[in-house]
Amino acid sequence: MTSGLPEVSVAETLAERIVALKPGTLPAATTRKCEDLLIDVVGLCVTARNEDYIRSALAGCDDDGPCTAIGHRRTLNAAGAAFVNGTAAHGEDFDDTLKVARCMRAR
């Protein structure tokens, strides 16, 4: 019986395609957007680094490893770093709150 899941995840496919890109082959606008998004994520992670929910996320990670938890001296395994960084980036990101405010006023 098969689970119907692909053998290679979407994330793995995306990572393989990103790694295969040659420097300088993306359009300048795409490169700039990627740089802007990276700066945004790093800034969000640094901003969240002392929040209670990030301290809890770090405390819940048992395995240290070679991966960076942005804004922290402690390094984690890949799963822990992805969890902490993803939680930090989304916990402080309020990009779409203006859209909600506009929708609420339109009613």
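This is a dialogue on how to read a predicted model of one protein.

Colleague: What should I know before reading the model?

Modeller: The model is predicted, so local features need pLDDT of at least 70 and side-chain atom pairs count only at pLDDT 80 or more, while totals for chains, interfaces and linings use all residues. Residues are numbered from 1 along each chain as its sequence is written, and side-chain values use heavy atoms, with hydrogens and water left out.

Colleague: What is the mean pLDDT of the protein, and which element has the lowest?

Modeller: pLDDT is the predictor's confidence in each residue, from 0 to 100. The protein has a mean of 89, and 85% of its residues reach 70 or more. Where pLDDT is low, the predicted coordinates should not be read in detail.

Colleague: How many helices and strands are there, and how do the elements run?

Modeller: Helices (H or I, at least four residues) and strands (E, at least two) are DSSP runs, numbered from the N terminus. This protein has five helices and two strands, in the order α-α-α-β-β-α-α from the N terminus on.

Colleague: Is asparagine 85 buried or exposed?

Modeller: Buried means under 20% relative accessible area, exposed over 50%, and partly exposed in between (1.4 Å probe, protein chains only). Asparagine 85 has 16%, so the residue is buried. Asparagine 85 is found in helix H4 (residues 78-91). In the protein as a whole, buried residues make up 16% of the 107 residues.

Colleague: What does asparagine 85 touch?

Modeller: Contact means heavy atoms within 4.5 Å. Not counting residues up to four places away in sequence, asparagine 85 touches Cys45, Thr68, Ala69 and Ile70.

Colleague: Which residues form the largest nonpolar core?

Modeller: A nonpolar core is a set of buried Ala, Val, Leu, Ile, Met, Phe, Trp, Tyr and Cys residues joined through side-chain atoms within 4.5 Å. Here the largest has 12 residues, including Cys45, Ile54, Cys61, Leu76 and Val84. Helix H2 (28-48), helix H3 (52-59) and H4 each supply at least two residues of this core, and H4 gives the most, with four. As for cysteine 61, its contacts beyond four places in sequence are Arg74, Leu76, Gly80, Phe83 and Val84.

Colleague: How many salt bridges are there, and which residues are linked in a network?

Modeller: A salt bridge is a side-chain nitrogen of Lys or Arg within 4 Å of a carboxyl oxygen of Asp or Glu. The count comes to four. Arg32, Glu35 and Asp36 are linked in a network. Arginine 32 meets glutamate 35 at 3.5 Å, N to O, and aspartate 36 at 3.0 Å, N to O. Glutamate 35 and arginine 32 are separated by about one helical turn because they are three residues apart in helix H2. Aspartate 36 and arginine 32 lie four residues apart in helix H2, also about one turn.

Colleague: Which salt bridge involves arginine 74?

Modeller: Arginine 74 pairs with aspartate 64 at 2.7 Å, N to O. This pair links distant parts of the chain, 10 residues apart: arginine 74 is in the loop between strand E1 (64-68) and E2, and aspartate 64 is in strand E1. At 28% relative accessibility arginine 74 counts as partly exposed, whereas aspartate 64, at 52%, counts as exposed.
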